[in-house]
Amino acid sequence: MVPSTYSSEDIQLMIRDSGLRCTTSRTTVLTHLVKATAPLSHADLSEVLVPEGFDQATIYRNLTDLTEAGLLNRLDLGDHIWRFEFRGEHDHDDGEHPHFMCTDCGEISCLAAVDISFTDGGKSPHLVGEINEVFLKGLCTKCA
Ligand SMILES: [Zn+2]
Ligand SMILES: [Zn+2]
């Protein structure tokens with residue numbers, strides 16, 4: 001992933017531009033996700049931020065607010081755990097890109113530069129209306 005070049009002023013500005021009030025916890029949550037190289041769950045963020053004095057409910061509310069404001073993508077990668085990622089970081093048409101999960105170690109990667117096209121060969125025209133999310137499973141390079 002490309003390292004983030006957002007300053008803390010940029011992040012505060014993004015929060016304000018999205019119509020939210022710029023609180024310390026919102027700024028901290030968004031800063032962590034801007035720096036993250038893979039989508040993070042509420043548990044992942046709590047692990048880091050609770051020791052810093054933030055409470056889990058606040059972190060959860062911040063994630064919901066930032067998602068509703070359009071700054072984060074919320075992903076359900078099939079394991080019923082919501083993961084969040086910063087939307088602006090990825091240079092993709094509409095901010096959507098495929099994700100990959102290693103079935104062995106559970107690591108999730110963003111495939112921001114990968115284009116996956118879906119062809120049904122015209123055989124199952126009623127099967128797919130619209131694809132919103134592409135999610136691949138397999139083994140990462142460490143586990144393969
Ligand atoms: Zn792995
Ligand atoms: Zn991603």
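Student: What should I know about the model before I start?
Tutor: The model is predicted, so local features need pLDDT of at least 70 and side-chain atom pairs count only at pLDDT 80 or more, while totals for chains, interfaces and linings use all residues. Residues are numbered from 1 along each chain as its sequence is written, and chains are lettered from A and ligands numbered from 1 in the order in which they are written.

Student: Which residues touch the most other members of the largest nonpolar core?
Tutor: In this core of 16 residues they are Val 29, Leu 30, Leu 33, Leu 63, Leu 66, Leu 71 and Leu 72. A nonpolar core is a set of buried Ala, Val, Leu, Ile, Met, Phe, Trp, Tyr and Cys residues joined through C-beta atoms within 7 Å, and buried means that 20 or more other C-beta atoms, placed from the backbone, lie within 10 Å of the residue's own.

Student: What is Val 29 in contact with, leaving aside neighbours within four places in sequence?
Tutor: Val 29 is then in contact with Leu 45, Ile 59, Asn 62, Leu 63 and Leu 66, where contact means C-beta atoms, placed from the backbone, within 7 Å.

Student: Where do H1 and H2 meet?
Tutor: Ser 8, Ile 11, Gln 12 and Ile 15 in H1 meet Arg 26, Thr 27, Leu 30, Thr 31 and Val 34 in H2.

Student: Switching to the sheet, what is the strand order?
Tutor: The order is E5-E4-E6, in an open sheet of three strands with mixed pairing, and two strands pair if DSSP finds at least two bridges between them. E5 and E6 stand at the edges with a single partner strand each, so one side of each has no neighbour in the sheet.

Student: How many bridges join E4 to E5, and how many join E4 to E6?
Tutor: Three bridges join E4 to E5 (residues 108-110), and these two run antiparallel, whereas four join E4 to E6 (residues 135-138), and that pair runs parallel. His 99 stands opposite Cys 110 in E5, and Phe 100 stands opposite Leu 136 in E6.

Student: What lies between E4 and E5?
Tutor: Five residues lie between them in a hairpin, and Gly 106 in the turn has a positive phi of about 80°.

Key: A residue is buried if 20 or more other C-beta atoms lie within 10 Å of its own, exposed if 12 or fewer, and partly exposed in between; C-beta atoms are placed from the backbone. Two residues are in contact if their C-beta atoms, placed from the backbone, lie within 7 Å.
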